[in-house]
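Hi,

Here's the structure I said I'd pass on to you. Have a look at it first, then read my notes below.

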Amino acid sequence: MQAAVSPASPPVHPSGDKRFRILETVMKRHQYKHDSLIEVLHKAQELFGYLDNDLLLFITHSLRLPPSRVYGVATFYHYFTLKPKGAHTCVVCMGTACYVKGAKAVLAALEEAAGIKAGETTPDNQLSLLTARCIGACGIAPAVVYDTAVTPRQSPDAALKWMRTVTNAPK
Amino acid sequence: MLLDDLIRIKEQELAARKPFQLRCCMAAGCMSANSQAVKEGLEQAVKAAGLSDRVEVRGVGCLRLCCQGPLVAVDPAGTLYQKVAPEAAASLVASLNGGETALERGDPGHPFFKEQMSIVLENSGQIDPERIESYIAADGYLALRQVLREMRPQDVVNAMIKSGLRGRGGAGYPTGLKWTTVAKTQSTRKFVICNADEGDPGAFMDRSVLESDPHRVLEGMTIAAYAVGADQGFIYVRAEYPLAISRLQIAIRQAKQLGLLGSGVFESPFSFNIDIRIGAGAFVCGEETALMASVEGRRGSPRPRPPFPAERGLWGQPTLINNVETFANVPPIITRGADWFARIGTEKSKGTKVFALAGKINNTGLIEVPMGTPLRKIVEVMGGGAPAGNAVKAVQTGGPSGGCIPADALDTPVDYESLTKLGSIMGSGGMIVMDQTDRMVDVARFFMEFCMDESCGKCVPCRTGTVQMHHLLSNILEGKATGRDLARLEELCDLVRHTSLCGLGQTAPNPVLSTLRFFRSEYLELLRPEEPAAAAPAGPGAAAEPPSGGAPACSGPPGPAS
């Protein structure tokens, strides 16, 4: 493990956003070690929802890493997103079990109804449509995660029904 | 913590046990079918019926038959209720006093349960994974105590060698040999890593083990650390498994509180800490060198081996990397003896293997069977075959690195060598059943798309080869390809397999090769005739001029003569 290089005075984000302070605390707990980068990015995404350039630069300065390294890691892993997500997310599992049980049809129905492709967000920022490699819920395939609820045995109709309830809901 | 304390906790736990127990499945499969509400409903119903002193409602790990969830098992009668709705809780509790319940009953005598042999999953569905006392009551941490008090590190390694345990992550490397190498390598610092980056789509064994029995994995890792001389461990677990992560965090905290982890384990001079590292959704991180890069906070790019992690791994130090299931096998080998373990299974593959049954099969869920069990028994007898009277066409094992085993090879015993002979691999244990409605070329393209997306981009054969193979497969599926394209596909498979840097690329062609081997006719049906201008317009000309059989690579374009 690299020796922790603790900056004399950790940079405080000028915006005064409280979430930066929380992130700062997490980095401090990791003693600003370089190997904590992925943990820190997880926390940052949890706090902010996505990783924008300003946030990545903040992490870069705090951990004293080259920006290329932070950007490289943030873009390498699928879990991190550099764009904001919609108010609701719908993750269609595309693991093998879900695939052979018809996840493709579920996804196609959602894509058509929402007018977006997997990985995109609707222009009104209401819905993000995503796919997952496998959420390990193969026993209940095809599975779809609506916001945070893993829902078993989905059909195109069931998925569309959910979509209608969230897109018509008042903001 | 001493032996007396351990026994005291066990006795307290057993004494507090009530005559009736309702075991409520709280693993991810049932949780997504609302088992949390079922458990709460049962607790309320027990209270309302005034049975609080006689009935215990316990949240347990996976009860295995995931397709029928939420599941509730009732002890001591041994009844299993399926698809339990929260509203039905009152009638279930009433049935304990001889009342009627309309709930659907499972059959614990079904081969799905009867043919199983539980070693790794023995506590799964029995103990409460969020309470260390529950694990101790099932004789947990006795193996660790025995190791620290009665065995030298060398004895532990010898026991592993003698047991014949092989890595359960897929490749089947002898565990004892790996431990020996790490133990022998001189270094001031060593690490133990538990690979819980279960990336194969269609596999959920490791998730279930972590969710159902996290202490077992911690105990296995601690024993391994003692054997090889490590003082720091990491569990690398996927971010997609939030429940497994939270149960591991609880387990680590509890073990530390009782002095079973941390400094001076069991009041011995041995110290060991475990940290959780959460993956961020990169399949390649299941490869050990990529995994180590990720633990170090870098991109998950693999590097060439040797040097193997056992000699130079995390931060350049000797590192032992084993899979979740491998570690879960360690404590029983210690307590029951290596000879006991070596008697289970086949000559070269010892012990049991956990499989996740999914796809077009009636009984989806988790099974654990001795090595050498014929595939047919698993799929048709235990799994109940394909639904709606369809015939099983193929079984896919090993995820994107594996292959499709056709129905007529189902009598193959499940062990490392037999599956490799069929062009597939044991893999981590995902088994996906396909029926006649599944098109094998489509399946091959599905896996190639997976590998294409997941290729880390470090080496050329994998980065560009997977794209080209995917392109060729798409062309075949769309009816745009000729025999020449098929020959090129085979050539590319051969090239990518032999020249890629890591396991991802080396095994990426496997699904294509195995479907080509067993379902070649499906490919041929999709080909269009060569050179349509010159060729005879006779209908299905493609089938009449197949590219020259099994010969790999450049077999020359078939019939170019005009």
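Let's start with a sheet in chain B: five strands form an open sheet in the order 11-10-14-12-13, and their pairing is mixed. At its edges you'll find strand 11 (365–370) and strand 13 (403–406) of chain B, each of which pairs on one side only. If you compare neighbouring strands in this sheet, they're turned by 30° against each other on average, ignoring direction. Keep in mind that this is a predicted model.

Now zoom in on one pair of strands. Strand 10 (residues 352–359) of chain B runs antiparallel to strand 11 of chain B, and six bridges join the two.

Over in chain A, the domain assignment gives two pieces: domain 1 covers 18–76 and domain 2 covers 88–168. Their C-alpha centres are 30 Å apart.

And where do the chains meet? On the chain A side, 34 residues are in contact with 38 residues of chain B. The elements of chain A that each give two or more residues to this side are helix 2 (37–48), helix 4 (67–76), helix 5 (96–100) and strand 4 (149–151). Which of them gives the most? That's helix 5 of chain A, with four residues. As for the kinds of residue on the side of chain A that touches chain B, 21 are nonpolar, ten are polar and three are charged.

Cheers

Key:
Residues are numbered from 1 along each chain as its sequence is written. Chains are lettered from A and ligands numbered from 1 in the order in which they are written. This is a predicted model: local features need pLDDT of at least 70, side-chain atom pairs count only at pLDDT 80 or more; totals for chains, interfaces and linings use all residues. Domain bounds come from an automatic or database domain assignment. Two strands pair if DSSP finds at least two bridges between them. Axes are lines fitted to C-alpha atoms, for helices over the stretch in contact, and angles run from 0 to 180 degrees between N-to-C directions. Two residues are in contact if their C-beta atoms, placed from the backbone, lie within 7 Å. Ala, Val, Leu, Ile, Met, Phe, Trp, Tyr, Cys and Pro count as nonpolar, Asp, Glu, Lys and Arg as charged, and the others, Gly among them, as polar.
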